[in-house]
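Colleague: Could you walk me through reading strand pairing and backbone angles in a model like this one?

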2 protein chains.
Amino acid sequence: MYYIGLDLGGTAIKGGIIDDDGVIIIKDSIRTDKENGADKVLNDMADFALFLTKKAGLKVKDVAGIGIGSPGLVDGGSAKVVFAPNLKWKNVDVRTVIESKTGLPVYNSNDANCAALGEYMFGASKNYKNSIFVTLGTGVGGGIITDGKLFEGVGGAGAEIGHTVIGIDGEQCACGRRGCYETYASATALIRQAKEALQKNHNTLLSEYNEDAIFAKDVFDCADKGDKVANEVVDKYYEYVGIGLVNLVNVFRPEIILIGGGVSARGEKLLKPLREYVAKYSYAGSNAPSVKIDVASLGNDAGIVGAASLAVAAKRNQTE
Amino acid sequence: MYYIGLDLGGTAIKGGIIDDDGVIIIKDSIRTDKENGADKVLNDMADFALFLTKKAGLKVKDVAGIGIGSPGLVDGGSAKVVFAPNLKWKNVDVRTVIESKTGLPVYNSNDANCAALGEYMFGASKNYKNSIFVTLGTGVGGGIITDGKLFEGVGGAGAEIGHTVIGIDGEQCACGRRGCYETYASATALIRQAKEALQKNHNTLLSEYNEDAIFAKDVFDCADKGDKVANEVVDKYYEYVGIGLVNLVNVFRPEIILIGGGVSARGEKLLKPLREYVAKYSYAGSNAPSVKIDVASLGNDAGIVGAASLAVAAKRNQTE
């Protein structure tokens with residue numbers, strides 16, 4: 001059987017078809033024509049799904065369903081995008097239009113939730129029925145798998161792990177609170193932390209960069225070259241990331257936490273300090289089950305495979 | 001059918017029997033003879049269960065099972081107390097001895113988890129399949145119900161909501177980290193905050209108390225009498241409690257959060273500011289489902305009813 005995954009973004013919709021092993025047999029993308037309203041986007045998505053099916057040489061009956069990863073707050077039960085500022089969508093039902101046009105069942109969840117499910121079904125957390133996926137990128141997002149199922153909270157409004165305060169009275173967060181995990185552990189936060197360090201001490205390789213164009217990778221590169229200031233920034237950043245991970249461990253005690261997003265490209269250099277931190281500070285120490293920490297494995301395909309995984313999970317649930 | 005609940009504490013074991021409506025038909029308590037080892041305590045618990053059954057005029061076949069609420073880290077699956085510092089227990093199997101001596105199935109979970117389950121089955125969160133119970137007492141504990149089931153994490157090592165850092169570099173916590181929710185939102189924390197305020201400003205009713213004998217209730221009493229310093233302390237304390245509640249909302253998005261523990265005696269005076277705070281700061285504001293905030297209702301019986309609820313839940317699962 002085959003499964004369509006559509007990754008709905010603010011500028012583009014990436015789409016693809018996977019097989020039962022999670023292998024992408026075809027992928028493509030179209031523009032998100034959001035200026036012409038939600039209905040236009042939904043019709044485009046339905047057409048895109050049918051186009052992919054045809055292009056892959058499949059019939060609609062070969063496809064079990066369409067999974068959609070949407071930005072913002074998504075209610076998986078009703079398949080509604082409840083609130084997505086970057087699309088300017090509120091309470092948009094993505095199911096009815098796409099189901100009626102394609103004849104295929106449609107499933108919908110938040111894109112970070114989809115990525116977590118994709119990793120659980122086909123990626124680095126495969127077979128770990130209790131796992132958490134944390135993306136460290138522009139913001140901090142995530143998805144939670146408990147007992148082999150996506151945990152979304154009532155109305156899909158849970159799993160906003162980037163929006164848990166870890167530093168009272170910390171930096172202002174876009175969500176309205178101060179000191180959210182996202183304001184400490186995102187790539188954006190790392191860059192801010194590097195700039196703050198640079199302002200205090202110019203005797204650093206960081207001073208060679210245009211301050212408006214420092215990227216997270218630059219900070220890591222300076223640290224790797226032995227720069228003291230950059231290393232202090234990076235070490236402190238790892239600690240911030242670790243604090244949030246231990247919070248998740250103490251509440252969820254998963255078997256594994258996967259790190260995704262741009263920062264995860266750092267691989268073992270990131271994982272080593274995080275593993276040490278989590279092992280050292282998790283509640284009840286060695287008396288409690290240890291938690292694996294690894295990087296996500298689906299990479300650029302996470303959006304498509306993750307979205308399609310919604311349809312795979314639904315199919316498997318029916319079969320069981 | 002009837003269900004035995006045993007609430008295992010460091011100094012006493014409270015026990016009782018409830019009916020299908022959660023009504024206690026008998027209760028009593030015995031001393032925790034921990035000095036003579038775990039095996040002695042387990043044998044005492046089995047005898048106590050049989051004693052309660054007899055005293056209630058029941059036969060063992062009228063009882064469906066024994067639920068036990070234990071302190072510390074408990075693995076519900078294996079019914080083991082993995083780590084309980086106040087009993088000096090490590091990996092104690094409570095099931096084998098008590099089952100063999102009573103002939104009844106034995107279930108075990110952390111005492112705060114039991115309280116959460118009890119409230120869900122018979123108390124203030126009845127029928128809310130997604131609920132969180134937060135105790136504000138000497139420490140901050142809690143239990144999480146998702147999809148109508150107790151969420152314990154792998155090996156029962158989750159749901160330690162008091163041990164999530166909300167203030168980086170804050171007060172030292174007994175768990176080894178700094179700035180845990182417990183160090184801001186427990187009754188102990190409130191007392192510390194009051195003492196700190198008193199040290200800065202003696203022009204307060206708080207100065208009339210012996211500093212070593214200020215209780216949380218005293219701080220609230222001073223605030224109720226219009227004392228400015230006490231009111232500032234209490235308002236800030238509510239904010240700390242609120243920060244942790246919003247963190248829980250953003251991750252779990254339950255239908256309801258119940259507050260238990262000593263501080264919950266404050267009732268509406270506590271609930272009003274917490275409800276306002278949670279409504280104002282929860283992720284996506286009014287675009288996401290609102291969360292009820294209330295006080296727990298089982299009070300002093302929470303230990304017995306909660307523990308017995310484990311047996312009720314197991315029985316109902318078998319019947320379904």
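**Strands and backbone angles**

Modeller: Let's start with a pairing: E10(B) and strand E11 (residues 149-151) of chain B run antiparallel, joined by three bridges. Two strands pair if DSSP finds at least two bridges between them, and strands (E, at least two residues) and helices (H or I, at least four) are DSSP runs numbered from the N terminus. This is a predicted model, where local features need pLDDT of at least 70, side-chain atom pairs count only at pLDDT 80 or more, and totals for chains, interfaces and linings use all residues. Residues are numbered from 1 along each chain as its sequence is written, chains are lettered from A and ligands numbered from 1 in written order, and side-chain values use heavy atoms, without hydrogens and water.

Colleague: Which residue is the bridge partner of B:Ile145 in E11(B)?

Modeller: B:Leu150. On E10(B)'s pairing with strand E9 (residues 131-136) of chain B, there are six bridges, again antiparallel, and B:Thr135 stands opposite B:Gly141.

Colleague: Is strand E10 of chain B enclosed or open?

Modeller: Buried means under 20% relative accessible area, exposed over 50%, partly exposed in between (1.4 Å probe, protein chains only). Seven of the seven residues of E10 (residues 140-146) are buried, so the strand is largely enclosed by the rest of the structure.

Colleague: And how should I read phi?

Modeller: Most residues other than glycine have a negative phi. Here B:Asp147, in the two-residue hairpin of E10(B) and E11(B), has a positive phi near 50°. B:Ala79 has one of about 60°, and B:Ala79 counts as buried because its relative accessibility is 0%.
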